[in-house]
Amino acid sequence: MSTAQNGEKPPPMTRAKEQIHGDEEAGAELKLGEFQNVSSLTLSETKEVLTAVFNHRREQGKFKVPDNEVVTRTQSYLEVFSRFKQRESVQAVERILAQQTNLVAFEKSQLGTLCCDTGDEAKTLIPSLVDKISDEDLEELLNEVRPSFSGRTTALFAL
């Protein structure tokens, strides 16, 4: 007699799903769990890192550059959504954001990725900024970052 016929459940066909503990939240209070004190990159920095790694692998000829759908899609995503296209701009923004000692790495990377137009927009999208930086200081910071922006806003809407 099979287990399904005697009222027992058949064994699962897939592995058990890992439980999400729910202790991670990017709200007014940052709760990043195990990622609380971890470095964080903007999308532009991530694109630079991947490009450098893949170029090094090609030059060395020792390591195969991954060629699969995940890598291709990741590179396409970064190409579209990386706001800072030139290495100099990426480095300039990183230097500007690094000076913000009152902000954690996650907040800095979010500011560098989102490129908000106003301090109000930044505080809406990154609620943990509300009590950390004044509106005037945030506006000044965004104005410092903005000249480095070489994004193609129209390309974002063409998708």
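Okay, housekeeping. Residues are numbered from 1 along each chain as its sequence is written, and side-chain values use heavy atoms, with hydrogens and water left out. Since the model is predicted, local features need pLDDT of at least 70 and side-chain atom pairs count only at pLDDT 80 or more, while totals for chains, interfaces and linings use all residues.

So, how many salt bridges does the structure hold? There are 5, counting a side-chain nitrogen of Lys or Arg within 4 Å of a carboxyl oxygen of Asp or Glu.

K47 pairs with E79, with the closest N and O atoms 3.6 Å apart. K47 sits in helix α1 (residues 43-60) and E79 in helix α2, so this bridge ties together parts 32 residues apart in sequence. Helices here are DSSP runs of H or I, at least four residues, numbered from the N terminus. K47 is buried at 16% relative accessibility, and E79 partly exposed at 35%; buried means under 20% relative accessible area, exposed over 50%, partly exposed in between, with a 1.4 Å probe and protein chains only.

Next, E48 and R87 meet at 3.0 Å, N to O. That one joins α1 to helix α3 (residues 87-98), so parts 39 residues apart are tied together. E48 is buried, at 17%.

Last pair: D135 and K123, at 2.6 Å, N to O. D135 is in helix α6 (residues 135-145) and K123 in helix α5 (residues 119-125). Buried or partly exposed, K123? Buried, at 13%, whereas D135 is partly exposed at 44%.

How values were computed. Helices (H or I, at least four residues) and strands (E, at least two) are DSSP runs, numbered from the N terminus.
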